[in-house]
Amino acid sequence: AIFYITKEGCRWRALPRNFSSWRAIQKRYLQWIKKGVIETFFSYFSKDFDAEHILIDSTVVRAHSLASGYRKGDGSQEGFGRSRGGFTTKIHAVLDGLGLPLKFLISPGQRNDIVYAPELLKGFKKVTVLGDKGYDADNLLEQLLKQECIAIIPPKSNRKIQREIDRHMYKERHLIEIFFKNLKLFRRIATRYDKKMTTYQGFITFASVLMWLK
């Protein structure tokens, strides 16, 4: 039933009757979120990852009007941001060398990627980090240097000193674009219907567990 909701993006009430009571299933899912059950499964798989290199990037998701209705001032806390098209949410992710997910963060859609990169990359030691120009910042490069990581991040055009990077290795970054494409095949993730960040992130984690199982 949880797979059906994640894949089809339907409302809880629209679950086919052969799945039993939608209220009971929704309650069980929320219990899983509260107790960290899905996160535990994800941690079990993601602890054994391909450490040859890791990839970092983000993608923007449109929030449905059903996701609105939070108290005034709580939008950014729940990962909502305003844009010309309405509310948006941004998914920040770190993948291993095989394109499998390791970490996630949710933020308002208009927030800059570099703000969340230090937290996402904390704890990784002696790995090669691939990211686009949005992650070219002195503080992040210094952090990676302290973690004994190699940063393959193209320099911005306004840098006085242009760094050389391994262009052949940088091509591996296409794996994270493929990951986001596959992630958005799950309709409950491609459009955000959930008001609570924890509920929405639970669907992302659940889909990530399925990718590891695959």
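Okay, housekeeping before we start. What you see is a predicted model, where local features need pLDDT of at least 70 and side-chain atom pairs count only at pLDDT 80 or more, while totals for chains, interfaces and linings use all residues. Residues are numbered from 1 along each chain as its sequence is written, and side-chain values use heavy atoms, with hydrogens and water left out.

So, the overall build. We have 9 helices and 7 strands in the chain; helices (H or I, at least four residues) and strands (E, at least two) are DSSP runs, numbered from the N terminus. The C-alpha trace spans about 60 × 40 × 25 Å along its principal axes. For 214 residues, a compact globule would have a radius of gyration near 17 Å, and the chain's 18 Å agrees with that. That radius is taken over C-alpha atoms, and the globule rule is 2.2 Å times the number of residues to the power 0.38. Buried residues make up 47% of the chain, where buried means under 20% relative accessible area, exposed over 50%, and partly exposed in between (1.4 Å probe, protein chains only).

Now look at strand E3, residues 86–95. How many of its 10 residues are buried? The count is 9, so to speak a mostly covered strand. E3 runs antiparallel to E1 (residues 53–63), with 8 bridges joining them; for pairing, DSSP has to find at least two bridges between two strands.

On to the helices. In H7 (residues 174–183), Leu175, Ile176, Phe179, Phe180 and Leu183 are buried. They sit on the same side of H7, because they cover an arc of only 140° around the axis; the arc is that of the directions from the helix axis to the C-beta atoms. What do the buried residues of H7 pack against? They pack against E1, E3, E4, helix H8 (187–190) and H9, with contact meaning heavy atoms within 4.5 Å.

H5 (residues 138–146) is next, with Leu140, Leu141, Gln143 and Leu144 buried. Those residues fall within an arc of 160°, so they line one face of the helix. On the other side, Leu145 and Lys146 are exposed. The buried ones pack against helix H4 (117–121), strand E5 (128–130) and strand E6 (150–152). Just after H5, glutamate 148 takes a positive phi of about 60°.

Last stop, the core. The largest nonpolar core has 56 residues, and Trp12, Ile91, Leu121, Leu183 and Ile189 touch the most other members. By nonpolar core I mean buried Ala, Val, Leu, Ile, Met, Phe, Trp, Tyr and Cys residues joined through side-chain atoms within 4.5 Å. Helix H9 (residues 197–213) gives the most to it, with 9 residues. Not counting residues up to four places away in sequence, isoleucine 189 touches Thr6, Val61, Ile91, Leu183, Tyr200, Phe203, Ile204 and Ala207.
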